[in-house]
Amino acid sequence: MPSSMRFNQGCNSWCQIKYLVRALFVDSGSGGSVLSQRQLIVVSSPMPPDPVPFTVEPVTSQVKNVMGISKGSISFGVHVKDTRVGRGEDLEFKIACRNDTTVGIEQIQVKVKEVCECKTKISNDSAETTLVAIPNVKVQGGLDKKKKKDVEESKKAGTNRQQDNFLDLFSEITSNENIASLKIPEIVRDSYKGQLIHIRHVMIVKIKTGRGKDDPKVEIPLHIGSPAVETVRMPSVRLPPPIPTPSLGDDEVAHDMALSDEWAGAEKSVKVHAIRTSFRMGGSTTVLTNEETDVPILPLPVLPPPLEITLDHLFSEMVASVDDYDIVSSKIQDPDWKQLFMSLDPDGFGGIICHVNKEVDQPRIGSLIAPVINNGNFTCAHCKAALKSTNEWNRIAMVQHLLPFCVDLENGESSIRLELTDWENVVLDDDFKRAKSGTLSQL
């Protein structure tokens, strides 16, 4: 479940995620009813411990002077160690840069921004907040401006120069140099995507040249939540202190309070100590008599019948859920549903990946389903279909998660590589080699 939160936009506009516990008690003798409720402050469960790294495809931006004459280009790339980061934890990253201009680089700025969006029937409100920023990240090499002659030679090199830049930048951001970090605040909303509320976080890296609009930048999606716990699953709800049962006084009697028909499904009645005229359990007290009907009595929802085992019904559940990984994981354990996963063709597998609400979980869910398909005969065609359905910033991680399961990689490697960009092929080249040799471990 998402954490309790509130988002205010202006004086009169707000949205929130709020949890309430309601208890309804009916006196079987008098027919009087008592409705009590209390708010719970819910904290989301810890995030999975497995990291979700991201290596940004280098951005190349042309820098021009006030007359519109090109002064060359700047290319830079960023590697984030784990885009899934807990509140209060360090976000570690690396930056590599190539300055092929006659203009010096003044600063490399990094910040993490929170964007809150709330949808209502009459309006869509949003607000942005900078959570933390580093005004100038220190980077070794690649920042100094070049002579005009060298810039002209770089322009003539064209595509070959870009390929060299890719290889150089990738080598730098996978080395142990230019490592930097910033600390995520302890108090920050969870990343969350619902039908009405969307809380997203993004890391922005910008190269400042003093040329304004020509300054290149990249944006990297982050997922912020409760810090991961390696071994013990922490409780997701902070419960209030227990309310002691009072001793019976002269104006109190002990009642056996049976739940009403609307609350059918309880295994037994609840025995409580209650004053004749009122009852209180934590929150505000409401006393109802047979004549008083101003407070609605809300029955427990009736559970729907089991869904027919089809992909469409699975997609419907995923659209309405807040944790698709739990849904898929539980269904794989169900023998009836497992048959559906075992018979998935590439289009069906790609459809499941496409319906994952949390983009950060797409590779994780892919590697959960892959070993089940065709009794372990997962193919490159399945990997290719997943790649087409994966969010852009997750494509590299998706291939890294699925390559160890591909049984036809010797013949099918080219079909996957054709779907990749030049940069993705550079980053994944070693993963393909290790997968074919059997040394690429399953993530």
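A residue is called buried when its relative accessible area is under 20%, exposed when it is over 50%, and partly exposed in between (1.4 Å probe, protein chains only); helices (H or I, at least four residues) and strands (E, at least two) are DSSP runs, numbered from the N terminus. The structure is a predicted model, in which local features need pLDDT of at least 70 and side-chain atom pairs count only at pLDDT 80 or more, while totals for chains, interfaces and linings use all residues. Residues are numbered from 1 along each chain as its sequence is written, and side-chain values use heavy atoms, with hydrogens and water left out.

Helix α9 (residues 395–402) is mostly covered, since eight of its eight residues are buried, namely Arg395, Ile396, Ala397, Met398, Val399, Gln400, His401 and Leu402. Among the elements that cover these residues are α7 (362–369), α8 (380–389) and α11 (422–437).

Side chains of opposite charge can pair when their charged atoms come close. Taking a salt bridge as a side-chain nitrogen of Lys or Arg within 4 Å of a carboxyl oxygen of Asp or Glu, the count comes to 20. In one of these, the side chains of Asp190 and Arg87 meet at 2.3 Å, N to O; the pair links distant parts of the chain, 103 residues apart, with Asp190 in the loop between β12 (179–183) and β13 (192–193) and Arg87 in the loop between β8 (84–86) and β9 (90–101). Both Asp190 and Arg87 are buried. A salt bridge also joins Glu128 and Lys113 (3.4 Å, N to O), where Glu128 counts as exposed at 54% relative accessibility, whereas Lys113 is buried at 13%.

Note on methods:
Contact means heavy atoms within 4.5 Å.
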